[in-house]
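Colleague: I'd like to learn how to read a model like this one, feature by feature. Can you walk me through it?

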Amino acid sequence: MALRGPLSRLLRCTLSSCQQNRSHSVAILGAPFSKGQKRRGVEHGPKAIRDAGLVERLSNLDYAVHDFGDLTFKHLEKDEHFMHVPFPRTVGRANQLLSGAMSGAVGAGHTCIMLGGDHSLAIGSVDGHAQQCPDLCLIWVDAHADINTPLTSPSGNLHGQSVAFLLKDLQNKMPQVPGFSWMKPFLSARDLVYIGLRDVDPGEHIILKTLGIQYFSMRDIDRMGIQRVMEVTLDHLLARKQRPIHLSFDIDAFDPSLAPATGTPVNGGLTYREGIYVTEEIHNTGLLSVMDVVEVNPTLGATPEALEATTSLAVDVIASALGQTREGAHIAFPKIPEPKEDTELRL
């Protein structure tokens with residue numbers, strides 16, 4: 001595996017404190033990778049999101065945007081199944097590469113946006129973030145819990161097991177998956193909150209209940225309202241102390257009518273207003289440090305309009321997390337302009 005030029009330069013930057021102000025510097029890391037699941041096409045997600053105007057949107061929010069391009073992943077010719085898990089070594093190596101890139105970007109003082117790719121990439125993204133910010137907390141916005149182990153997963157796909165690799169609480173429940181010897185679990189169950197769940201496997205359900213993980217299903221959102229969900233989420237994660245937030249956002253958290261170009265759509269998802277409210281509230285904390293946006297699959301858009309709807313939504317979510325508001329961004333006019341002294345009405 002190799003890094004393209006800008007990324008290799010990024011990793012040579014002098015690392016700075018995790019608490020450094022990143023308010024006007026955003027790094028974009030592309031991860032065109034699909035081996036965490038069986039549908040091809042999701043590797044084209046980073047390009048599709050960029051083509052939808054991501055860099056321009058963030059630049060208009062007055063950020064210095066550093067697009068470090070895409071990681072280059074090499075797929076192993078021989079990568080036998082582990083149990084019924086496909087491509088374990090390929091996925092492990094890809095995440096190791098991403099972890100190093102993310103650690104470098106966070107350490108260089110940027111707020112980071114990781115564009116996937118499938119959700120197995122969150123393993124490397126969160127791990128790299130944690131190398132610089134070991135006290136981070138994780139908000140996982142998704143239709144799925146992605147907390148299966150190889151012993152509970154119905155499909156074996158690693159994009160449905162990402163969180164299990166991160167949690168210290170599951171360390172004795174996880175077999176030694178080939179390709180992942182480089183990492184050790186580091187996250188406590190109390191430092192994780194799910195939003196938007198509506199397709200949870202039986203094994204995942206017992207894990208969530210046994211570990212006491214805070215989660216909000218779509219039923220909870222219907223019952224409580226998204227405002228109360230975010231109040232409880234942020235109180236749960238930040239009441240003890242203020243700390244960096246890692247937001248991992250699967251586009252399938254939205255209802256498929258809004259985001260059709262994705263691999264595992266589930267009816268009854270977040271509305272546009274609910275999803276944007278989530279990211280607005282996270283931005284308002286001032287603590288967002290890294291955001292993943294994953295599972296945009298351009299090949300699954302039945303029409304050009306379906307693809308455009310999905311990629312535009314991804315850009316909206318990212319921009320909202322970085323300060324775009326539904327009241328206006330308030331960049332062009334920091335105060336009410338006044339006429340200059342030499343400005344006179346000429347008759």
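Modeller: Let's start with the annotation, keeping in mind that this is a predicted model. The UniProt record, an unreviewed entry, puts the feature "binding site" at His119, Asp142, His144, Asp146, Asp250 and Asp252.

Colleague: How many residues do they span in sequence, and how far apart are their C-alpha atoms?

Modeller: They span 134 residues in sequence, yet no two of their C-alpha atoms are more than 12.4 Å apart, so they gather at one spot.

Colleague: Take histidine 144 then. Is histidine 144 buried or exposed?

Modeller: Buried, with a relative accessible area of 13%. Histidine 144 sits in the loop between β4 and α6 (162–166). If you skip its neighbours within four places in sequence, its contacts are Tyr194, Leu197, Asp199, Asp252, Thr264 and Val266. One of those, Asp252, is also on the UniProt "binding site" list.

Colleague: Now the strands. What should I keep in mind when I look at one?

Modeller: In a regular strand, side chains alternate between the two faces of the sheet.

Colleague: Which strands pair with β8, and in which sense?

Modeller: Strand β3 (residues 111–116) runs parallel to β8, joined by 4 bridges. Strand β7 (residues 245–250) also pairs with β8 in the parallel sense, over 6 bridges. To find your way on screen, look for isoleucine 113, whose bridge partner in β8 is methionine 291, and for isoleucine 245, which is bridged to leucine 288 of β8. Between β7 and β8 the chain passes through helix α10 (residues 272–285), and this β-α-β crossover is right-handed.

Colleague: And how do I check a helix?

Modeller: Compare its span with what the residue count predicts. For α9, 13 residues at 1.5 Å a residue should span 18 Å, and the end C-alpha atoms are 18 Å apart, which agrees. Then ask which side chains are tucked away: in α9 the buried residues are Ile226, Val229, Met230, Val232, Thr233, Leu234, Leu237 and Leu238.

Colleague: What do the buried residues of α9 pack against?

Modeller: Their partners are β4, β5 (192–197), β6 (214–217), α8 (218–224), β7 and α10.

Colleague: Last topic: salt bridges. What's the general idea?

Modeller: Side chains of opposite charge can pair when their charged atoms come close. A search of the whole structure turns up 13 salt bridges. In one of them, arginine 50 meets aspartate 67, with the closest N and O atoms 2.8 Å apart. That pair links distant parts of the chain, with arginine 50 in helix α2 (residues 45–51) and aspartate 67 in strand β2 (residues 64–70), 17 residues apart. Arginine 50 counts as buried at 17% relative accessibility, whereas aspartate 67 is partly exposed at 32%. Arg50, Asp67 and Asp70 are linked in a network of salt bridges.

Colleague: Where do lysine 241 and aspartate 135 lie?

Modeller: Their side chains form a salt bridge, 3.6 Å from N to O. Lysine 241 is in the loop between α9 (226–238) and β7, and aspartate 135 is in the loop between α5 (122–132) and β4 (137–141), so the pair ties together parts that are 106 residues apart in sequence. Lysine 241 is partly exposed, at 43% relative accessibility, and aspartate 135 is partly exposed too, at 23%.

Technical notes. Residues numbered from 1 in each chain as written. Predicted model: local features only at pLDDT ≥ 70, side-chain atom pairs only at ≥ 80, totals over all residues. Heavy atoms only, no water. Pairing = 2+ DSSP bridges. Helix = DSSP H or I, 4+ residues; strand = E, 2+ residues; numbered from the N terminus. Right-handed = clockwise from strand over helix to strand, strands pointing away. Salt bridge = Lys/Arg side-chain N within 4 Å of Asp/Glu carboxyl O. Buried < 20%, exposed > 50% of the residue type's maximum accessible area, 1.4 Å probe, protein only. Expected span 1.5 Å × (residues − 1). Contact = heavy atoms within 4.5 Å. UniProt positions renumbered as here; feature names shortened; annotations may be inferred.
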